[in-house]
Amino acid sequence: MGLRVLAVDDEAPALDDLVHLLGAHPRIAEIHTARDGASALRKLDRALAEGRPFTAVFLDIRMPGLDGTVLGRLLAQFARAPRIVFVTAYEDHAVDAFEIKATDYILKPVRPERLNEAIRRVIEAVDEPEEDEAGPAEPEPMPVELGGVTRFVSPSEVLYVEAQGDYARLHTSGGSHLVRIPLAALSERWTGAGFVRVHRSHLVSLSAIKELRLDSGRCTVLVGETELPVSRRHVRELRDLLVRRARRSH
């Protein structure tokens, strides 16, 4: 089934380019446009009232009046919320996108292959069964910037997370990524992904723990090749979790 989408950008050349690229995709059936957040909201409301809601909104962020992040938060409250894809020249709103569960986050200038990837994610999201049929949803992945390209790191890729002030560093087998979210907030979001807080500075994937070491009252865990401290108040919970996990695997 074709997608009915709304493209929103206050700059006419950028909007024209986006419409041109969207129109080249075979799954896009209808493209509507808006030059600011307020008119976009009116079109979205009208589409809902007519029973023809938009499948997705491709949304610029920095616009006069109602900007894209505020509009995105409003759309997230819709009973039949469209999928949101941010299209922006700025890298510093990826956490906002994560918080409202945006489907993707594209940096300008928009490359056709990158837009096609975003459309693919929209299609996958639309085709997914409802949560009550599919069971609990997996925790949301985290957007990270790599050389000007935003990609999403899923919890399953992360071995452990290290607190760095108001930021968190995600450590994967392929490297590390600094993201703008406090460790406590990420810990809450990834509760269902098999992570456990072992220290005020570390969140660890249970499946990545190779060893639990106790030496003279000091506890550490070996994650990959890295040894991490376990604070005294977390030792008992961690041992119980590891024991339960071991029992389930046998």
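**The chain as a whole**

Trainee: What does the secondary structure of the chain come to?
Mentor: The chain has eight helices and 15 strands. Here helices (H or I, at least four residues) and strands (E, at least two) are DSSP runs, numbered from the N terminus. This is a predicted model, in which local features need pLDDT of at least 70 and side-chain atom pairs count only at pLDDT 80 or more, while totals for chains, interfaces and linings use all residues. Residues are numbered from 1 along each chain as its sequence is written, and side-chain values use heavy atoms, with hydrogens and water left out.

Trainee: What does the C-alpha trace span along its principal axes?
Mentor: The span is about 65 × 35 × 30 Å.

Trainee: And how many of the residues count as buried?
Mentor: The chain has 250 residues, and 43% of them count as buried. Buried means under 20% relative accessible area, exposed over 50%, and partly exposed in between (1.4 Å probe, protein chains only).

Trainee: What share of the contacts joins residues 24 or more positions apart?
Mentor: Among contacts in the chain with a separation of 6 or more, such residues account for 53%. Contact means heavy atoms within 4.5 Å.

**The annotated aspartate**

Trainee: Which residue does the UniProt annotation cover?
Mentor: The unreviewed UniProt entry annotates D60 as "modified residue: 4-aspartylphosphate". UniProt positions are given in the numbering used here, feature names are shortened, and annotations may be inferred rather than shown by experiment.

Trainee: Where does D60 lie?
Mentor: D60 is in the loop between β3 (56–59) and α3 (68–76).

Trainee: Is D60 buried or exposed?
Mentor: D60 counts as buried because its relative accessible area is 5%. Not counting residues up to four places away in sequence, D60 touches V8, D9, D10, G68, V87, T88 and K108.

Trainee: K108 is on that list. What joins K108 and P109?
Mentor: A cis peptide bond joins them, with omega at about -5°. P109 itself lies in the loop between β5 and α5 (112–127).

Trainee: Back to the D60 loop. Where is R62 found?
Mentor: R62 is also in the loop between β3 and α3. R62 is partly exposed, because its relative accessible area is 40%. Leaving aside its neighbours within four places in sequence, R62 is in contact with D10, Y90, D92 and H93.

**The nonpolar cores**

Trainee: How many residues has the largest nonpolar core?
Mentor: This core has 22 residues, and those with the most contacts inside it are L6, V8, L59 and F86. At least two residues each come from β1 (3–8), α2 (37–49), β3, α3, β4 (83–88), α4 (94–99) and β5 (104–107). The largest share, three residues, is supplied by α2. A nonpolar core is a set of buried Ala, Val, Leu, Ile, Met, Phe, Trp, Tyr and Cys residues joined through side-chain atoms within 4.5 Å.

Trainee: What is L6 in contact with?
Mentor: Leaving aside its neighbours within four places in sequence, L6 is in contact with H32, T33, A34, A40, K43, L44, F54, A56, V57 and F58.

Trainee: Which residues does V85 touch?
Mentor: V85, found in strand β4, touches V57, F58, L59, T103, D104, I106, A118 and V122, not counting residues up to four places away in sequence. V85 is buried, because its relative accessible area is 0%.

Trainee: Now the prolines. Is P82 buried or exposed?
Mentor: P82 counts as buried because its relative accessibility is 7%. P82 lies in the loop between α3 and β4. Its contacts, leaving aside neighbours within four places in sequence, are L44, F54, T55, A56, V57 and L75. The C-alpha atoms of P82 and F58, 24 residues apart along the chain, are separated by 9.9 Å.

Trainee: And P26, is it buried or exposed?
Mentor: P26 counts as exposed because its relative accessibility is 76%. The place of P26 is in the loop between α1 (12–23) and β2 (28–34).
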